[in-house]
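Please open the model in your viewer and keep the sequence panel beside it. The stops below say what to select next and what is there.

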Amino acid sequence: MTCIHVVTQENRALYEESLQQFHRLRHQIFVEERGWNDLRQSDGLEVDAYDNEHAIYLLAIDAGRVVGGQRLYPTLMPHMISEVFSGLAPRGIPQAADIFEWTRYFVVKERRTGRTDCRLLAAMQEFCLEEGISEVTAVVEMWWLPRWQQAGFKVRPLGLPQMIEGQPCIAAAIEISQASLEYVRKLAGLRGASLIREGLSSPHAQQVPHVAA
Ligand code: A1S
């Protein structure tokens, strides 16, 4: 059975093998499948500047195998929108202790039936609600907008779309709410809380850094 595990600096020692799989899958999916060649690494592991002690991973794991994943990162730290894509948010980049950036979202090919996807979306809402996170920001290709709408997410564009590597992309902020969680939980066929927090003191928020912008 697939479960979504929360992995942070605090419990990563329990998940070294899963994290290795996650980075390898990121390379297979983002570099080899999606063609994001700037991310190519000779060791076949996709690791970037934000894979550090502040990153929080929500990993979909089935019988020891990572089948999907995503990353959250504090916006009070320099992050992808502030450092690379600031032009997509011309009226200001949302940065606060309760706003996290959402990146590196994927489901492995064999699980692309929508179910693992909905579980990952529900996990993101559930984790953020539990941690007092009110919004997540993301840079996405435009096809995410109807997907989020179908998932019941409330989305606030941070600017107009721009072409990035031949694809129209947008920066957006997604509201975290009980209503969104309940909506996507139904789509995922979940009745209640679903996150595994092995080896973590709960809630995690005390470890989330409150760093000056
Ligand atoms: C940053 C993301 C942030 C959120 C953090 O009938 P279809 O096949 O057309 O239905 C598809 C499309 O409508 C759309 N879709 C998926 N990939 C697309 C693409 N590359 N271009 C245009 N539209 C695309 O979603 C529908 C369902 O997709 P799916 O793959 O059949 O199934 P599933 O289970 O919903 O999985 C969706 C995801 C996006 C998770 C999966 O396709 C995936 O992991 N893709 C590779 C990783 C990726 O591109 N991640 C997003 C950027 S990270």
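**First stop: strand S1**

Select His5, which stands opposite Leu59 in strand S2. The model is a predicted one, in which local features need pLDDT of at least 70 and side-chain atom pairs count only at pLDDT 80 or more, while totals for chains, interfaces and linings use all residues. Residues are numbered from 1 along each chain as its sequence is written, and side-chain values use heavy atoms, with hydrogens and water left out.

Now extend the selection to S1, residues 2–7, which is joined to S2 by six bridges in an antiparallel arrangement; strands here are DSSP runs of E with at least two residues, helices are runs of H or I with at least four, and both are numbered from the N terminus. Strand S9 (residues 195–196) pairs with S1 in the parallel sense over two bridges, pairing being assigned if DSSP finds at least two bridges, and there Ile4 stands opposite Leu195. Six of the six residues of S1 are buried, so the strand is largely enclosed by the rest of the structure; buried means under 20% relative accessible area, exposed over 50%, and partly exposed in between, with a 1.4 Å probe and protein chains only. Thr2, Ile4 and Val6 lie on one side, with Cys3, His5 and Val7 on the other.

**Second stop: Asp48**

Move to the loop between helix H1 (16–33) and strand S2 (56–62), where you will find Asp48. Asp48 counts as buried because its relative accessibility is 17%. Its side chain reaches the backbone nitrogen of Tyr50 at 2.8 Å. Beyond its neighbours within four places in sequence, Asp48 is in contact (heavy atoms within 4.5 Å) with Arg26, Arg71, Met80 and Arg104.

Select residues 178–188, helix H5, and colour Ser180, Leu181, Val184, Arg185 and Ala188, which are buried. Viewed down the axis of H5, these buried residues fall within an arc of 130 degrees, so they line one face of the helix; the arc is taken from the directions from the helix axis to the C-beta atoms. Ala179 and Lys186, on the other side of H5, are exposed. Helix H3 (115–131) and strand S8 (167–175) are included in what covers the buried residues of H5. Step on to Gly189, which follows H5 and has a positive phi, near 75 degrees.

Notes. A polar contact is a pair of N or O atoms within 3.5 Å; within protein, one must be able to donate a hydrogen and the other to accept it, and residues adjacent in sequence count only if both atoms are side-chain atoms.
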